[in-house]
Amino acid sequence: MRRFIVPTIVVLAILMVIGYAWAASIKIVVEGEDYYSIKPSMAKAPSQVASGKAYIHIPLRRPHATTETGPADDGNARFRVRIPSAGVYQLWARAHWYDACGNSFFVVVDDKPATIVGEDGTYQKWHWVKGPRLQLTAGEHIIRFQNREDGAKLDQFMLTNNARYVPVRAEKHTPEYIIKPPKNQ
Amino acid sequence: MTRRGPFRRVHTMRCEALLTHPRHGLMAVFTALVVVCLLVPAHAQAEPTMLDEQLDGPYALAGTLHVSDPENLRVELLVDWQDPDNTYRVTMTPLLTRVERVVAGTAVAIGRTRAHGAFEPEADLELTLRREGWRLELIVDRQVLARAWDTTLEGGRVGYSVTGGALPDAMLQPLGEVYMADDFMRTGGGNTTWEAVSGSWGIESLRVDEQRDRMEAEKSANAFSYVGRATEEGPALATTGYWFWSDYSIGAAVRPSGPEAVGVVAYYQDPANYLAARWTSELSEEPDAGTLQIVRVAGGERQVLAQADGGHIPGQWYRLQLRVSEGVVQVHVDDEPRLAATAELFGQGQAGLYTESSEGTNFDSVTIQNWTTLVDDFSEPAPGRWSISDGSWEQTDGTLRATGPEAIALTGSADWGRYSWEALARTEAGAIGLAACSREDDLFVLRLAPAGSDLTCAGQAQIVRVRGGEETILASGAAEVRPGAWHRLRFVADDGLLAGYLDGERVLDVWHPEAMAGQVGLYAAGGASFDSVYLQMLPPPRIARVAKEFTEGDEHWEMVEWASTRAAWLKPDDEEGAWWTKGDYFGDKTIAFEIKNVESSAGEVRLHLEAAPDDESAGVTLVLVTEKGSNTLRATLQSGEETIEEASVEVESTRCSVRFERKGTWVVTTIDGNVVFSVQR
């Protein structure tokens, strides 16, 4: 009988540790300027009010688009993010929209189809926009924010496994989850 | 606690037995590990579990309260915890809810509370403790159980302990500004702003011609609206925002298409629990036709909290607004206050749109933003809400009474700015008044006294600044206060303008650059009573849409010609003539702009306020002159040919901001935030 006690205890202990880890709330906060690579027309810009004093954006075109006829280019920023544990993650974006024709990005996660983030009616104001819920495995993932409309700005994005949590102001940066190219490290 | 003692003893004995045999050393280690793991939750119930995370700014402690032992349930929540002797402590049992401010180990009960009552076994209840500005608010099971106001302690950790239950998913949710606007100018997907809870919802063109189905945004300044349609299952409801939204107003342009009820929703929890402004039509054949209602839907049951006559006319656009804050619910139609009620349900929740029409109701230009109020009828005590600055104050018989030669009681947040503060007040022979913009021994007082009083303000209304105990009379005027009669006083603080009202009539005003923000209060001299105090924040000033059409001509080149004929400005006939706005602007107004590159060239700008194109003597004119190579502006305030005041202003950077304002009876000019002219005119 005693020979089963040790394995049972070990299994119990491991299960409890896994349970606590699984239950822990994870927040991965990435600054717009944390990109691994960037392709014009996506560009980095300084700011006194954005978190980290910078953001990335699709600069306004002149004339600014007045219809949603599609982007002029595929300018984008690619982010490499290390997910600590597998699960469902909610994506949030801290964005600033110029107007109704400059209020969205495409978001592409790994090789999945693009989804739209934005298209809300809060203009000329930094605010958090809810994105897609993502089923992510543990390990590295590539997240791409891509041009959909000019005049769209991105300050931060966040991935969290806490479905109830809603960001309301700039979140604390978590560089431990972000992979940067060697020159930026 | 009763479980934990024997539980721990049994395992200790077992560990000793295991350690007697060397082979079992490893087993003992793991057993100890398991025991520790098992003990952690039990221990957490007795001693507070402190959350690792700390948030700057307002936040809420939120989680699901699981009730396992209803009779012995005891929840203790700690916020702004600095150490065990300095914290706010909120305690809840079935029979008691208590909020305490603990400073240097001494606990003092604060705020207004009520007990939850008996809990159901194995119930899972949402629990939220909000710490926001000067307020603490406990919401359990969708009821506001406690509301307290105090700023003694700020910052610190958050913790909790539960006996007879558990709070397994406690988390900190940051709170912040509530703001959302939607003009529904979109055609593509990806929108997650609105969730259709019931009925059918979609964005549709507002056009009624053959181009309606093309959904061409560029062919109209306001192409689309959000349309809800009820179904056989019931009303259509769409929600937006987040579960923790509190103290806000939701306003929407609404066009009912038929006689069915339409509305807007606040504090939405689920389809069976929310507050709503519900508006029926004059043309309805239902029993509640032609009424505006505040309804609460709780457990699926609808209850009318307040009702007023007057329904909508189908096909007409209206602006419907629902405001909720601290248990106060108000409804405005076309910016007119129409209805008010109190409701302590929910305390937080999403906002929404509502219609009972199956033909469809158009919603547009939705704005949701913070709305703060302070209401007190002194019917029940609220320890900590008022701080006595001077004199003696007593809450009795539903009033707040002051005695002594001079008495001041303050409340609210020092950050408050731009508000209207009012109260009912009466005195026999003393003075009654209101305080505003109170910050660190500096406040502004509106005070009035009956003619027979022996006070300096007898028969007058005065606005006085009291700073470091020294009084300065800023304005005074005749006012009739009847001894022993209730009077409604109102004191408006609006970006430096202080205006005093007696029984709805404006009696005096003054502009002072330091009257920008601060607490509010009550003032009495020689004994007075107060009742029904009410504070409301002033709505943000509306900006006339004149600048955008001119400054963004490059970006909206296709609109320039269109704008030049239909914008708010009239182009002058000669090159040096004035541009006049087409509109008439009534009441207070501000012209704000920047002068760039002050040193770069010589020039002159003339701004006419309350003027008329064909009458050069009308209104007030501000003339600003720049000289090349100089960072000094020459400013002149004129009325026709008369020079009112002149000044030279040195600006620090190459660009400067100018504000030219009508504030009550005052005309104010500021450059880079410094007052250049403030004249009563």
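Guide: In chain A, 40% of the 185 residues count as buried, where buried means that 20 or more other C-beta atoms lie within 10 Å of a residue's own, exposed means 12 or fewer, and partly exposed is in between, with C-beta atoms placed from the backbone. This is a predicted model, in which local features need pLDDT of at least 70, side-chain atom pairs count only at pLDDT 80 or more, and totals for chains, interfaces and linings use all residues. Residues are numbered from 1 along each chain as its sequence is written, while chains are lettered from A and ligands numbered from 1 in the order in which they are written.

Chain A has one helix and twelve strands. Helices (H or I, at least four residues) and strands (E, at least two) are DSSP runs, numbered from the N terminus. Among contacts in chain A with a separation of 6 or more, 78% are between residues 24 or more positions apart; a contact means that the C-beta atoms, placed from the backbone, lie within 7 Å.

E49(B) pairs with strand E44 (residues 589–595) of chain B in the antiparallel sense over seven bridges; two strands pair if DSSP finds at least two bridges between them. One of the facing pairs here is B:Glu594 with B:Ser657, its bridge partner in E49(B).

E49(B) also runs antiparallel to strand E50 (residues 666–671) of chain B, and six bridges join them. B:Lys663 stands opposite B:Trp666 in E50(B). The hairpin of E49(B) and E50(B) has two residues between the strands, and B:Gly664 takes a positive phi near 60° there. In a regular strand the side chains alternate between the two faces of the sheet.

For comparison, chain B also holds an open sheet of seven strands with antiparallel pairing, in the order E15-E18-E27-E20-E21-E22-E23. Strands E15 (195–198) and E23 (301–309) of chain B stand at the edges with a single partner strand each, so one side of each has no neighbour in the sheet. From one strand to the next the twist averages 20°, with axes taken as lines fitted to C-alpha atoms, for helices over the stretch in contact, and angles running from 0 to 180 degrees between N-to-C directions. Strand E22 (residues 291–298) of chain B pairs with E23(B) over eight bridges in the antiparallel sense, and B:Leu292 stands opposite B:Ala308 in E23(B).

Methods. Contact = placed C-beta atoms within 7 Å.
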